[in-house]
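Here is a short briefing for a first look at a structure.

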Amino acid sequence: MEQTQCMIPTFGVLTERQIELINASSYIIKHKNGEQIFMQDRPVTHLIFLRSGLIKLHKQIDGKNEIILDIVPSE
């Protein structure tokens, strides 16, 4: 029997049924360059895996300035 391909990286630790459940509730989103994905001081409502591109992690320190904490590339 062929194993179901999972949409997210699982490192082979999930059962076939668990992979099916994840795939049923997962989808792929393409964000535009510069688009905010998560916002500071707001609750996180979902999990994101980066397939390609870069994510800039920054902290807003006042109304105008920000500090770049990290730039995360896809692996």
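**Salt bridges and surroundings**

E20 and R17 are three residues apart in helix α1, so about one helical turn separates them. The model is predicted: local features need pLDDT of at least 70, side-chain atom pairs count only at pLDDT 80 or more, and totals for chains, interfaces and linings use all residues. Residues are numbered from 1 along each chain as its sequence is written, and side-chain values use heavy atoms, with hydrogens and water left out.

**Salt bridges**

- The structure holds two salt bridges (a side-chain nitrogen of Lys or Arg within 4 Å of a carboxyl oxygen of Asp or Glu).
- E20 pairs with R17, with 3.7 Å between the closest N and O atoms.
- E20 is partly exposed at 37% relative accessibility, while R17 is exposed at 52% (buried is under 20% relative accessible area, exposed over 50%, partly exposed in between, with a 1.4 Å probe and protein chains only).
- K56 and E66 form a salt bridge at 3.1 Å, N to O.
- This pair links distant parts of the chain, with K56 in strand β1 and E66 in strand β2, ten residues apart.
- K56 is partly exposed at 43%, and E66 is partly exposed at 35%.
- Helices (H or I, at least four residues) and strands (E, at least two) are DSSP runs, numbered from the N terminus.

**Largest pocket**

- The largest pocket holds about 1,700 Å³ of space.
- A pocket is an open set of points on a 1 Å grid over the protein atoms alone, where a 1.4 Å probe fits, with protein on both sides within 12 Å along at least five of seven lines; lining residues have an atom within 4 Å of a point.
- Its volume is the space filled by probe spheres set on the points, which are joined across faces, edges and corners.
- The lining has 40 residues, and H31, I37, I48, L50 and I55 lie nearest the centre.
- β1 gives the largest share of the lining, six residues.

**Nonpolar patch**

- L50, L57, I61, I67, L69 and V72 make a nonpolar surface patch of about 480 Å².
- Patch residues have over 30% relative accessible area and no salt bridge, and nonpolar side chains (Val, Leu, Ile, Met, Phe, Trp, Tyr) are joined within 5 Å.
- Strand β2 (residues 66-73) supplies the largest share, three residues.
- L69, in strand β2, is exposed at 56%.

**Single residues**

- D41 sits in the loop between α1 (16-24) and β1, and D41 is exposed at 74%.
- Phi of D41 is near 65 degrees, a positive value in a residue other than glycine.
- P73 lies in strand β2, with its C-alpha atom 8.2 Å from that of L50, 23 residues apart along the chain.

Key:
Patches are made of residues with over 30% relative accessible area and no salt bridge: like charges are joined within 9 Å, nonpolar side chains (Val, Leu, Ile, Met, Phe, Trp, Tyr) within 5 Å. Accessible areas come from the Shrake-Rupley method with a 1.4 Å probe; for residues, only the protein chains shown count as cover.
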